[in-house]
Amino acid sequence: MRHGYPRPQLQRDEWISLNGPWRFCFDDEGAYRSPADVKAWTKIIEVPYPPESKASGIGDCGFHKSFWYQREVEILPGEDRVILRFGAVDYSARVWVNGLLLATHEGGHTPFSADVTEALNASGTQTITVHAEDDPHELNKPRGKQDWQLEPHVIWYPRTSGIWQTVWLERVGRTYIDKLRWTPRLEGFSIGLEARLRGELTGDFTLAVELRHGDRLLARDRYLVVDGEVDRFIGLSDPGIDDFRNELLWSPERPTLLDARLTLWRSGEIVDQVQSYTALRSANVLRDRFMLNGRPYVLRMVLDQGYWPDTLMAAPDDDALRRDVELAKAMGFNGVRKHQKIEDPRYLYWADKLGLMVWEEMPSAYRFTRTAIKRTVREWTEALDRDYSHPCIIVWVPFNESWGVPELPSVQAQRHAVDALYHLTKSLDPTRAVIGNDGWESGVTDIIGIHDYDSNMAHLRERYGAEVPPEKLFGERRPGGRVLTLDGHPHRGQPIMLTEFGGIAFSSTPQPGGAKSWGYSEVADEETFARLYEQLLDTVVHTALFSGFCYTQFADTFQEANGLLYADRTPKLPLERIARATSQSRTWIPGGV
């Protein structure tokens, strides 16, 4: 079981993975408030797999809302500091070390940490206890595709509770690099660096930075640290002509990464050193086109739920994450829409390295309340902060299909919520496109996404063909029974993309236990499935209105049998045949360019 370094853009050599067996118990009565209250550790769980999963060794999908974990680790205190880190714990967590409460966190998809130095025992044996709470019935928290019913139904899946990403310890100096943020600026052929220090900040600090492309040194700079921060743009030599420039630019066809080494100095002594990486690329919208590196680029994406049969939202291992990226590319896609999930950073690392664009989407709450909005804003802000520097991410999506804001056309407060999340996202990251609400009922947005699961090609051509004027499309068409744009937000020339379609259910084997499979349409044999996929893709690719698409979906997910792959990632069709349909040539570019 190999999970890889859990924070790929800020790596240190000295770290200890705490994945593996932990003591575990449920607390359905809510009787325990501290580690000392736990009367019996009745089970052993394999972290980081959630207790609902088979891989955890528990495999209990019943209704539980309180989970306790405990284990020992051998680590001696010293002159340096020890940081305990969690990739994700769903939904809220409290953490004790040797009986001392050191961390609390709310939000099931984002990381948190605690400096545990002062709590360490001199003996070297340290006891870590985690209490996670995740009410399975609560709908006013971001939960994505996790079902509130006992059994998964329609498009909802088993719950993922408690620890579901890597837990690890790392040693750092008394002063250390705590955060890095990279911002490519293609127009100036430069890379923005923001570094934040933590710990003892007395003394004169400098930060040395090296950027390399393979063995080629691109930059070696040294900056004065002021008030614990460094904010600089690192200029690179601009080769000018596109052919030379393209060698340094990141794209799915050429995913060039620039390796970075950062060394923190104080009075001639190295006090911290980390490895990172970045890339030169731009991703934005110009009129009716998505632009990658200043050129029109057609998005060919697949919707990816990010679930596995035996581990649920947790990846089986690092190889599984890499394999998912490789399979998406092998099927001819240049991007994925990660649906209702903030994905493990190791997936984003492989997407960066192998060249796959990612739309990151906030998991939805399903009630509109003040609590739900506050929770969504907090967790979405943390997700933006965690993933800002990944070159693979090209679009942020705060809301999907009006989930959590069900009366968007008529309730002004719900419109304000979507507008606010759009503008907040643009404020925190002005470099990427943002879709306020994907699917329908678009308000403020950089791209209009349409969800339409009609598998009749004639209907699609009639609905979106060149002869359909925009006022008819946005005034009369209602895929899913919803208006495409809200009153006061007419189409302003933004790119229009078909961001969900297909959803064809096909399976050559029956569902476990005789359960009925689910899809938006269904076929009975492989050849019919192949022909329908080819015809749908041919229709969508050659519909001039669309500047990109996203097919549903990457892999079967529990009762949903509408994947191009089975749940174990076995292809339903030869990958080459899927890729031919997906990546067929387009004889036009929106806008006539």
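## Notes on the predicted model

1. Glu-401 counts as buried, because its relative accessibility is 11% and the cut-off for buried is under 20%. The model is a predicted one. Glu-401 belongs to the loop that runs between strand S27 (399-400) and helix H5 (412-428). Its phi is near 50°, which is a positive value in a residue other than glycine.

2. Ser-402 also has its place in the loop between S27 and H5. Phi is again positive in a residue other than glycine, here near 60°. With a relative accessibility of 2%, Ser-402 counts as buried.

3. One runs from Asp-90 to Tyr-91, with omega near 10°; Tyr-91 sits in the loop between strand S6 (89-90) and strand S7 (92-97). Another runs from Thr-552 to Gln-553, also with omega near 10°. Gln-553 is placed in the loop between strand S34 (546-552) and helix H9 (575-582).

4. An open sheet of 8 strands is present, with parallel pairing and the order S28-S26-S25-S24-S23-S34-S31-S30. Which strands form its edges? They are strand S28 (433-434) and strand S30 (448-451), each of which pairs on one side only. Helix H3 (residues 345-354) packs on the sheet and touches S23, S24, strand S25 (357-361) and strand S26 (393-397). The direction of H3 makes about 150° with that of S25.

5. Within this sheet, strand S23 (residues 299-304) and strand S24 (residues 335-338) are joined by 4 bridges in the parallel sense. Leu-303 is placed opposite Arg-337 in S24.

6. The largest nonpolar core has 91 residues, and the members that touch the most others are Phe-290, Leu-299, Tyr-347, Trp-359 and Tyr-551. Helix H8 (residues 526-541) contributes the most to this core, namely 8 residues. Neighbours within four places in sequence aside, Tyr-347 is in contact with Asp-304, Leu-321, Asp-324, Val-325, Val-336, Lys-338, Leu-356 and Val-358.

7. Antiparallel pairing occurs elsewhere in the model. Strand S15 (residues 205-213) and strand S18 (residues 258-266) run antiparallel and are joined by 8 bridges; Glu-210 has Arg-261 in S18 as its bridge partner. S18 also runs antiparallel to strand S19 (residues 269-278), through 9 bridges, and Arg-266 stands opposite Glu-269 in S19. The hairpin of S18 and S19 has 2 residues between the strands, and Ser-267 takes a positive phi near 50° there.

8. The count of salt bridges comes to 44. One of them joins the side chains of Arg-196 and Glu-229, at 3.7 Å from N to O. Arg-196 is in strand S14 (residues 190-199) and Glu-229 in strand S17 (residues 229-235), so this pair ties together parts 33 residues apart in sequence. Arg-196 is partly exposed, at 24% relative accessibility, and Glu-229 is partly exposed as well, with a relative accessible area of 34%.

9. Arg-463 and Asp-452 form a salt bridge whose closest N and O atoms are 2.6 Å apart. Because Arg-463 lies in helix H6 (residues 457-464) and Asp-452 in the loop between S30 and H6, the pair ties together parts that are 11 residues apart in sequence. Asp-452 counts as buried, at 5% relative accessibility.

10. Arg-289 and Asp-288 meet through their side chains in a salt bridge of 3.5 Å, N to O. Arg-289 is buried, with a relative accessible area of 11%, whereas Asp-288 counts as partly exposed at 25% relative accessibility. There is also a network of salt bridges that links Arg-7, Arg-12, Arg-85, Glu-170 and Asp-272.

11. A polar atom of the Gln-494 side chain lies 3.2 Å from the backbone oxygen of Thr-445. The backbone nitrogen of Arg-492 is 2.8 Å from a polar atom of the Gln-494 side chain. Gln-494 counts as buried, at 7% relative accessibility.

Key:
Residues numbered from 1 in each chain as written. Predicted model: local features only at pLDDT ≥ 70, side-chain atom pairs only at ≥ 80, totals over all residues. Heavy atoms only, no water. Pairing = 2+ DSSP bridges. Contact = heavy atoms within 4.5 Å. Axes fitted to C-alpha atoms, helices over the stretch in contact; angles between N-to-C directions. Buried < 20%, exposed > 50% of the residue type's maximum accessible area, 1.4 Å probe, protein only. Polar contact = N/O pair within 3.5 Å; in protein donor to acceptor, adjacent residues only side chain to side chain. Salt bridge = Lys/Arg side-chain N within 4 Å of Asp/Glu carboxyl O. Core = buried A, V, L, I, M, F, W, Y, C linked by side-chain atoms within 4.5 Å.
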